[in-house]
Amino acid sequence: MALSKERLLKVYRDMVMIRRFEEVIEEYAANGTIPGFVHLSIGQEACQAGVVDALKKTDYKFPDHRGHGAIALCGTDPKLVMAEIFAKETGINHGRGGSMHVNDLECRNMGFNGIQGSTMVTCLGTAFASVYNGTDDVTAVFLGDGTLGEGTCHESMNMAATWKLPIIYCLVNNGYAISTRYEEAHPQKELKTWGEGYEVPSFRLDGNDIEAVIEAVEKAADRARKGEGPTVLEFMTYRWQGHFAGDPAAYRPEDEVSYWVNDRDPLKLTKAILLEREQVELAVLQAVEEEEEKHVQEMLKFSLESEYPGIETATTYTYADREVELR
């Protein structure tokens with residue numbers, strides 16, 4: 001599927017924003033400004049930008065622990081997402097969520113948590129709600145290759161397939177679950193075959209090809225909206241960093257990393273299509289890059305200048321409080 005020049009420019013801008021957003025997060029995690037562990041998706045931008053672009057605003061999205069990019073594109077002001085990662089009061093969750101627990105129900109970003117495979121269960125709820133309420137909203141849930149080892153994945157897939165729930169399983173296969181190659185943890189040569197055991201249409205595709213990602217998600221969403229049930233999409237991609245920011249990732253061969261960084265960079269691949277097929281001038285793309293750099297620097301300034309939550313609010317949001325307006 002060939003996207004229009006305008007749409008390609010839009011998703012290229014999205015990917016540039018994600019890349020610079022995460023590079024800033026990496027820098028400030030390394031210098032100790034951002035607390036806790038941070039998991040980055042640099043190198044996986046097409047999976048996130050493509051999935052979100054192919055969905056409606058009212059579709060439910062369940063990010064994974066490497067989901068900053070998708071979260072920043074769901075409709076929340078990205079500076080509120082960055083401030084949240086910096087644990088600031090101005091963050092979308094008032095600094096309570098941090099890197100792995102950002103949610104914004106108004107944008108139907110349903111959030112993640114530290115329990116691998118948990119969103120495979122909770123996504124059944126939103127998908128069933130769509131059926132029960134008679135809407136055509138689909139649920140997209142991101143998961144990694146390592147998550148497939150969780151029993152909840154199989155139980156959830158079985159229910160989704162049996163009830164024909166409108167779910168798109170966005171399986172982001174970046175090659176490693178922490179430090180374990182996926183081939184060493186699974187007998188299948190292609191993890192997409194995991195869904196076939198439940199009679200779920202399953203496809204493997206190039207996760208760094210933005211056009212392939214969007215086409216696959218749109219087709220999966222279309223059949224889900226028609227009541228035809230879930231789809232598994234295995235996106236083959238690569239994370240440039242280790243499992244977490246600061247992980248030296250000595251377990252990865254240098255030539256493997258070099259191949260993905262130099263030859264399979266999703267930004268470079270999309271830029272080449274714009275330059276060669278769509279005949280977009282280089283100056284136009286450079287302007288996009290400069291604008292997004294400025295955009296991200298504005299997010300950083302906002303995050304650094306924002307205050308941390310006050311100690312007097314330490315127990316706020318711990319229990320339900322109808323007098324507190326949750327954002």
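# Close-up views of a predicted model

**View 1. Surroundings of Thr 126.** Apart from residues up to four places away in sequence, Thr 126 touches Tyr 60, Phe 62, Met 110 and Thr 139 (contact means heavy atoms within 4.5 Å). The model is predicted, so local features need pLDDT of at least 70 and side-chain atom pairs count only at pLDDT 80 or more, while totals for chains, interfaces and linings use all residues. Residues are numbered from 1 along each chain as its sequence is written, and side-chain values use heavy atoms, with hydrogens and water left out. Thr 126 is part of helix H5, residues 118–133 (helices are DSSP runs of H or I with at least four residues, strands are runs of E with at least two, and both are numbered from the N terminus). Its relative accessibility is 10%, which counts as buried (buried is under 20% relative accessible area, exposed over 50%, partly exposed in between, with a 1.4 Å probe and protein chains only). A polar atom of the Thr 126 side chain lies 3.1 Å from the backbone oxygen of Cys 123.

**View 2. Strands S2 and S3.** Strand S2 (residues 139–144) and strand S3 (residues 167–173) run parallel and are joined by 6 bridges. Opposite Cys 170 in S3 stands Phe 142, and opposite Val 172 stands Gly 144. In S3, 7 of the 7 residues are buried, so the strand is largely enclosed by the rest of the structure. Ile 167, Tyr 169, Leu 171 and Asn 173 are buried on one side of S3, and Ile 168, Cys 170 and Val 172 on the other.

View 3. In helix H4 (residues 78–85), 7 of the 8 residues are buried, among them Leu 80, Met 82 and Glu 84. The cover over these buried residues includes H1, helix H3 (68–73) and helix H12 (282–305). Neighbours within four places aside, Met 82 is in contact with Phe 21, Val 24, Ile 25, Val 296, Met 299, Leu 300 and Ser 303. Met 82 is also one of the residues with the most contacts inside the largest nonpolar core, which has 64 residues (a nonpolar core is a set of buried Ala, Val, Leu, Ile, Met, Phe, Trp, Tyr and Cys residues joined through side-chain atoms within 4.5 Å). Helix H1 (residues 5–30) gives the largest share of this core, 12 residues. A second, separate core has 23 residues, including Tyr 60, Leu 124, Val 141 and Leu 143.

View 4. The whole structure contains 0 disulfides (a disulfide is a pair of cysteine sulfur atoms within 2.5 Å). For Cys 74, the closest cysteine sulfur is in Cys 107, at 7.1 Å, too far for a bond. Cys 153 is 9.5 Å, sulfur to sulfur, from Cys 123, which holds the closest cysteine sulfur and is too far for a bond. Cys 74 is buried at 4% relative accessibility, and Cys 153 is buried at 0%.

Notes. Polar contact = N/O pair within 3.5 Å; in protein donor to acceptor, adjacent residues only side chain to side chain. Pairing = 2+ DSSP bridges.
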